[in-house]
Amino acid sequence: MIHPIPPGTRDILPDEMRELRRLHLAMIDVFESHGYGEVATPSIEYDEVLARGDGRTSDSAYRFFDERGDLLALRSDMTVPIARLVASRYTDAEMPLRLCYLANAFRAVRPQRGQMREFAQAGVELIGAPAPGGTAEVVEVLEATLGAVGLGRAVIGLGDADLYRQLLSEFGIEGEARDRLLNRLAGHDLVGLEVDLSELEGIEDEQIATCVALSQLRGGKEVLDEARALGGDAVERATVRLGATVEALEERGVADRVQIDLGLLRDLGYYSGAILEVYDPALGHVLGGGGRYDGLLRRFGLDLPAAGFALYLERVHVAQMEEEARGGDSS
């Protein structure tokens with residue numbers, strides 16, 4: 001007799017569990033070798049805490065009341081709980097603070113789109129190290145992690161979370177209209193972006209063309225010059241920040257795997273400045289991502305710069321198997 005489980009969840013049997021455990025240990029070994037200590041937080045948080053950290057993703061949280069009537073929620077990522085942890089337990093700690101984790105997170109999504117309601121993440125958080133040096137350290141750890149799990153072809157996309165927020169404000173677009181356009185950009189819906197922009201009063205064709213052109217720029221440092229040619233203060237500020245990050249990556253010798261992607265926009269609202277996304281030619285899904293969140297700790301009473309990344313463990317496992325199969329075919 002078959003007893004179903006909720007869509008967007010899965011059972012893991014012994015053979016795969018052993019492989020996932022080896023993957024987990026390989027990642028933690030890399031994190032610890034770079035000075036990151038492993039932490040754990042409750043799967044359940046007060047809903048108010050998650051909403052304070054990121055109101056956008058709190059909308060996708062699973063909520064319920066406890067026996068006292070307090071509203072609780074399952075965490076939807078680890079960055080917000082770790083921000084809460086640091087602000088509560090590490091106020092007098094010497095900075096920078098290096099933390100890592102492997103944990104399950106939960107999101108109320110539509111499983112028919114291939115998204116999981118429950119998923120495992122492995123990642124690091126670097127607290128108290130400003131850009132661009134802190135960003136470069138996080139990318140260095142990410143690059144080493146990808147190498148340790150055999151994903152030699154994986155690419156790290158580098159974008160800027162503030163670019164389109166500031167650009168749209170520069171065009172005089174604020175409020176719900178700006179949020180709608182940012183969602184179009186995050187979903188790479190360029191057709192919808194053009195339509196929505198064209199329907200806004202006072203938006204010129206040249207401004208629409210600038211948004212679309214920027215979203216398609218990706219490659220090496222030459223992309224920054226191409227972006228500057230489009231003009232505007234928001235573009236200038238973003239390219240300066242990205243240029244400084246690339247220089248810091250080059251100093252650490254980890255720039256080769258990084259591709260500048262001005263179309264990159266993460267769907268989490270706490271990011272600011274540099275953002276990251278990891279993808280592998282062997283897999284159609286994004287393997288993970290991250291970036292800077294310099295304003296997040298301030299929401300919990302501790303004003304510190306911060307950056308980090310998270311990898312989806314199951315997706316990394318699938319990409320790893322694809323890479324191994326490809327290597328076997330070529331031998």
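**A. His188 sits in the loop between helix H7 (175-186) and H8.** Helices here are DSSP runs (H or I, at least four residues) and strands are too (E, at least two), numbered from the N terminus. The model is predicted: local features need pLDDT of at least 70, side-chain atom pairs need 80 or more, and totals for chains, interfaces and linings use all residues. Residues are numbered from 1 along each chain as its sequence is written, and side-chain values use heavy atoms, without hydrogens or water. Look at the backbone of His188. What is its phi? The phi of His188 is positive, at about 55 degrees, although His188 is not a glycine. Most residues other than glycine have a negative phi.

The peptide bond from Met95 to Pro96 is cis. Its omega is near 5 degrees. Find Pro96 in the loop between helix H4 (79-89) and S5. So here, a cis bond sits in a loop that joins a helix to a strand.

**C. A cis bond also runs from Ala131 to Pro132.** Here omega is near 0 degrees. Where is Pro132? Pro132 is found in the loop between S6 and H5. Most peptide bonds are trans.

**D. Helix H8 (residues 190-198) packs with helix H9 (residues 205-215).** Two packed helices are described by the angle between their axes and the distance between the axes. For H8 and H9, the angle is about 160 degrees and the axes lie 10 Å apart. (Axes are lines fitted to C-alpha atoms, for helices over the stretch in contact; angles run from 0 to 180 degrees between N-to-C directions.) H8 is therefore roughly antiparallel to H9. (Under 35 degrees is roughly parallel, over 145 roughly antiparallel, 65 to 115 roughly perpendicular, the rest oblique.) Which residues meet? On the H8 side they are Leu190, Leu193, Glu194, Leu197 and Ser198. On the H9 side they are Ile208, Cys211, Val212 and Ser215. Contact means heavy atoms within 4.5 Å. By class, the contact of H8 with H9 has six nonpolar residues, two polar and one charged. (Ala, Val, Leu, Ile, Met, Phe, Trp, Tyr, Cys and Pro are nonpolar; Asp, Glu, Lys and Arg are charged; the others, Gly among them, are polar.)

**E. Helix H6 (residues 162-170) packs with H9.** Their angle is about 175 degrees, and their axes are 11 Å apart. That angle makes H6 roughly antiparallel to H9. H6 makes the contact with Tyr164, Leu167 and Leu168. H9 makes it with Cys211, Leu214 and Ser215. How many residues of this contact are nonpolar, polar or charged? Five are nonpolar, one is polar and none is charged.

H1 and helix H5 (residues 133-148) cross at roughly 145 degrees. Their axes come within 9 Å. From H1, trace Met27, Val30 and Phe31. They make the contact with Val141, Ala144, Thr145 and Ala148 of H5. The residues of this contact divide into six nonpolar, one polar and no charged. Pro132, in the loop between S6 and H5, belongs to panel C.

**G. Glu314 has its place in helix H12.** What does Glu314 touch, leaving out residues up to four places away in sequence? Its contacts are Arg10, Phe119 and Ala120. Glu314 and Tyr164 are 150 residues apart in sequence. In space, they are 31 Å apart, C-alpha to C-alpha.
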